Amino acid sequence: MKKNLLFATLLSFALFSCGEKSTTTETETHVSGDSSSASSISVNSSKTTSGIIDAYLAVKDALVADDAATAAAKSADLVSALKTYDIAGSQANDPEELERLQVEATGFAEKLATADIAAQRESFQALSVVLKDMLKIAGTDRTLYHQYCPMYKGNTGGMWLSANDDIKNPLFGSSMLTCGRVEETLALN
């Protein structure tokens, strides 16, 4: 009796799991031959990164406004979103790499809790690099713009993600608000 019940439960689970609809699509890269133009990258479609993106953009907006206190407060939401991100539910092609990036991004996000805006901006820039790689694997539910400022950190450059193509630089804030350019677009297929 117990074996029949166990078998029926496992069979039901297998049938239920097989009926789930996948939202994963292939990743394509479109790179223009002209180095001055931005490239466009289509990434996997996944709504599971929505909370991460929302929290990240809230921190970015606080840094654009030179508001270290709000950036620190919003970083708690970002850390929470990163820690609760469901890698298995994402149906990503490379879950091991995605997990590595999740841990790395969480570490940078935790460093945003400081009141020192220069330290926040440094952690945010490092987080942005990792998050871009993470979203290329996990997907995004909206178009994002990889933006780059060549003057950040003694002209070594820095990047961030934005929900629109207007440049509002979180790495410099009001001191150089419009310094930067769009490097590539992360978009849905």
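Analyst: Leaving aside residues up to four places away in sequence, Thr106 touches Val79, Leu82 and Lys83 (contact means heavy atoms within 4.5 Å). Thr106 sits in helix α5; helices (DSSP H or I, at least four residues) and strands (E, at least two) are numbered from the N terminus. With a relative accessibility of 8%, Thr106 counts as buried (under 20% relative accessible area is buried, over 50% exposed, in between partly exposed, with a 1.4 Å probe and protein chains only).

This is a predicted model, in which local features need pLDDT of at least 70 and side-chain atom pairs count only at pLDDT 80 or more, while totals for chains, interfaces and linings use all residues. Residues are numbered from 1 along each chain as its sequence is written, and side-chain values use heavy atoms, with hydrogens and water left out.

Helix α5 (residues 95-110) and helix α6 (residues 117-138) have axes that come within 9 Å and cross at roughly 155°. Axes are lines fitted to C-alpha atoms, for helices over the stretch in contact, with angles from 0 to 180 degrees between N-to-C directions. The two helices are therefore roughly antiparallel to each other (over 145 degrees; under 35 is roughly parallel, 65 to 115 roughly perpendicular, the rest oblique). Their crossing is left-handed, the near helix being turned anticlockwise from the far one by less than a right angle; clockwise would be right-handed. On the α5 side the contact includes Leu98, Leu101, Ala105 and Phe108, and on the α6 side Leu127, Val130, Met134 and Ile137 are among the residues met. By class, the contact of α5 with α6 has eleven nonpolar, two polar and three charged residues (Ala, Val, Leu, Ile, Met, Phe, Trp, Tyr, Cys and Pro are nonpolar; Asp, Glu, Lys and Arg charged; the others, Gly among them, polar).

Helix α2 (residues 50-64) and helix α3 (residues 68-83) have axes within 8 Å, crossing at roughly 165°. That makes α2 roughly antiparallel to α3, and the crossing is left-handed. Residues of this contact include Ile52, Ala55, Val59 and Leu63 of α2, with Ala71, Leu78, Ala81 and Leu82 of α3. Eleven of the residues in this contact are nonpolar, three polar and two charged.

The protein as a whole has seven helices and five strands, in the order α-β-β-α-α-α-α-α-β-α-β-β along the sequence. Of its 189 residues, 41% are buried.

The mean pLDDT (the predictor's confidence in each residue, from 0 to 100) is 80, and 75% of the residues reach 70 or more. Where pLDDT is low, the predicted coordinates should not be read in detail.
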